[in-house]
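Please look at the sequence and the model shown below, and keep both at hand while reading. The report that follows goes through selected strands, helices and single residues.

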Amino acid sequence: MSTERAIVAWCPDWPVRAGAAEAALDPDGPIAIVEAGVVTACSAAARAAGVRRGLRIREAQSRCASLVVLPANPAADARRFEPVLTALESGIPTVQVVRPGVVVIRAQGPARFFGGEPEAADAVLALLAGAGVPEARVGIADGPFAAEQAARRTTPEARARLVPPGGSAAFLAPLPVALTGLPELTAVLAKLGVRTLGEFAALPVDQVRDRFGPAGEAAHRVAAGLDQRRVVPRVAPKDRTATIEFEPPLDRVDQIAFALKRTAEGFLDALAADLLVCTGLTVEIGTEDGGARRRTWLHPRSFTTLDVIDRVRWQLSGIGVEALEAAVTAVRLAPASIDAAANHEQGLWGGGPDERIHHALSRVQSMLGHEAVLTATIGGGRLVADRRVLAPWGERAAPQRDPERPWPGRLPGFGPSSVLGDRPDVAVLDPAGVPVAVDERGMPSGPPAGFVPPASSRRRTVTAWAGPWPVDERWWDPVAARSVHRLQVVDDDGSAWLLCYEAGRWWAEARYD
Amino acid sequence: MPSSALQLAPDERARTVEQLQAQIRAMQATGLGTRTLPTRPELAPLLPGGALKAGVAYAVPDSLTLAMLLMAGPSAAGGWCAVIGVPDFGVEAAAGFGVDLDRLVLVPQPGEHWLAVAAQIADVLPVVLLRPPARAAAGDTARLASRLRQRGSTLLVLGPWAQAEATLEVRTTAWTGIGTGSGYLAGRDVTVTVTSREIRAAHPVRIRDDRWCIEQAATRLEAV
């Protein structure tokens, strides 16, 4: 495998530029990017004041008192680099990103297209200048490593450097061994008196392999100008969102749903053309008052056109009922998760019984609303209502708390069949007919003898009771703190109840019926 | 000496009568070609025919626990269940009785469309538990009944139901494990009264919390 010609475009101090843009600072000021207490990049002004890569923060600040220290933010670097990359790809389609700020391009195509390597270098510089990076540098050499070193050894006056074919070894020979990026190898070689890449390349390859392993052997090959890495151009991600804008804005759900049909079809057809299906959908609804309502919907299988329209309809009904509060100007559909269509193909005789169940339940959902059909799981918690976690059909019910934990204070015995979520008021009376209170030590003021169930005025006699048991949850959190006392009572009708006493009030938590 | 049923002791006679009835029921069941659903063995004696039948309705007017127990058999055997109009449904209790939550669907607030929702879901799910928010018109229940028969789904109604195959009511309950200020609710003994076209009987059933089991204490025919 031979070494191929490579063009490397380098945007100097890219992390500094991206960090300054994120923090709205002047990129020409003294700025240092710091990771783990060590400077990893700095601006030209900081370098002029003596700041270098590898310095500790304290040392860097002592050399340059006005230094602005920013934390490293690789995500922001990549995000800020994306427009630059797009601009570069508009002229040269095959670009590989080494890291934000450094890209490598296979030289053969652009050189032929632009009529020579110097012309290609000028074209790259022009494209980058158009993208707002006028100080970018370009190096062309055999292999990406030599090309990057060439780009780094340019000057602001001559921003492109060309190493002739076959000249990479000679170009790299005087450069320091540290450029291989292998600290262990560098340290050992320095002790042996080998300080330049040329001297390293002169060592016998089998001895390098024996001493430093495959990584050392690869570095040896690179130092000798035999960099065999190929350029693998990135595949630009496709924009799969679909947007429909309404002019004039619409304020009726049925109008919007009708208008959306073709957009939804196009959105799913574009995915289907690439043998993909949408399993999660983000719907963003823009309204006339300038708001944008986003929501992500999941699907147990994959979305069909009708499903997409249903989700938009439900989301609209969440904003207002039939006539909307604010007219809708745009609806944007974006896939939140996609999957290969092969995983969602129907069998030869249809999708089996689950398919029918899903269709029937989806029909009920479109009749009553998304939240009307629920699936249930058991969650963690002490109160019975906390242990019931409901999720709309088609979405994953993910209990936030683990039901398997011990949850001291949770109810022993068998679970109550009716969980009264709305906490209806009840009255608990002692033999004298006085409401029972529970004091701070958890003792009732008298034995419960009478009980008035929710939505009833008839007093029933308590035949058996147990408790009260304290439940003191999240006392460290003033918002979520809850301190209740629970009591089980059996009334003379034979019904059993689970009651809670909270802040002077009794309410029914659950019923055994 | 040739023995006849008349010469037997009273309890033995009752047992023989029951055995004969069971035989007749079994023969009738095969004759009519009705399909049955997997039923918990403890509940089998309560039900006419010895099992839940597919395509009919059962009324369980006053006990959600009993309805959960009826659901548990088909659910544990792989059937899907739906619960319509019961916002209070205690999921943990149902899971404890053997209802598989992975195959359970809840429609807590069907509103005025409850009959349409029930019909829609009964089309595809084998067991539907329904609490009617209002008394249904006779025509509507008949239409739903024919749909059930056609699709082979079983409807459990928490309330009175005109065309029920059987009505299961909890007559008396005794709670165990709870005292006055001591213990906790650990189990219950209930007597279930079953009313159907051919039978009216009361069965004591014990529901206990350890291992979430129910056990049949004894079977006593009240009136034949």
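In chain A, strand E16 and strand E17 (residues 450-452) run antiparallel and are joined by three bridges, where strands are DSSP runs of at least two residues, helices (H or I) are DSSP runs of at least four residues, and both are numbered from the N terminus. Two strands count as paired if DSSP finds at least two bridges between them. Within this pair, A:Leu429 has A:Gly450 of E17(A) as its bridge partner. Both strands belong to an open sheet of seven strands with antiparallel pairing, in the order E15-E21-E20-E19-E18-E17-E16 of chain A. Its edge strands, each pairing on one side only, are E15 (418-419) and E16 (427-429) of chain A. Strands of a sheet pair through backbone hydrogen bonds, either parallel or antiparallel.

The model is predicted, so local features need pLDDT of at least 70 and side-chain atom pairs count only at pLDDT 80 or more, whereas totals for chains, interfaces and linings use all residues. Residues are numbered from 1 along each chain as its sequence is written, chains are lettered from A and ligands numbered from 1 in the order in which they are written, and side-chain values use heavy atoms, with hydrogens and water left out.

Chain B holds five helices and twelve strands, and 50% of its 224 residues are buried (buried means under 20% relative accessible area, exposed over 50%, and partly exposed in between, with a 1.4 Å probe and protein chains only). In this chain, strand E8 (residues 166-178) and strand E9 pair in the antiparallel sense over eleven bridges, and B:Glu169 stands opposite B:Thr193 of E9(B). Four residues lie between the strands of this hairpin, in which B:Gly181 takes a positive phi near 85°. Strand E9 (residues 183-196) of chain B has ten of its 14 residues buried, so it is largely enclosed by the rest of the structure.

| Helix pair | Angle | Axis distance |
|---|---|---|
| H4(A) (residues 74-91) and H6(A) (residues 117-130) | about 140° | 9 Å apart |
| H9(A) (residues 183-191) and H11(A) (residues 205-223) | roughly 135° | within 11 Å |

The axes are lines fitted to C-alpha atoms, for helices over the stretch in contact, and the angles run from 0 to 180 degrees between N-to-C directions. The crossing of H9(A) and H11(A) is left-handed, and the contact is made by A:Leu185, A:Val188 and A:Leu189 of H9(A) together with A:Arg211, A:Phe212 and A:Gly216 of H11(A), where contact means heavy atoms within 4.5 Å. A crossing is left-handed if the near helix is turned anticlockwise from the far one by less than a right angle, and right-handed if clockwise. H4(A), for its part, passes H6(A) in a right-handed crossing.

Single residues of chain A also deserve a look. Most residues other than glycine have a negative phi, and most peptide bonds are trans. A:Ala24, which is not a glycine, has a positive phi of about 55°, and with 69% relative accessibility A:Ala24 counts as exposed. A:Arg474 likewise has a positive phi, near 50°, but A:Arg474 is partly exposed, with a relative accessible area of 32%. The peptide bond from A:Glu247 to A:Pro248 is cis, with omega near 0°, and A:Pro248 is found in strand E9 (residues 242-252) of chain A.
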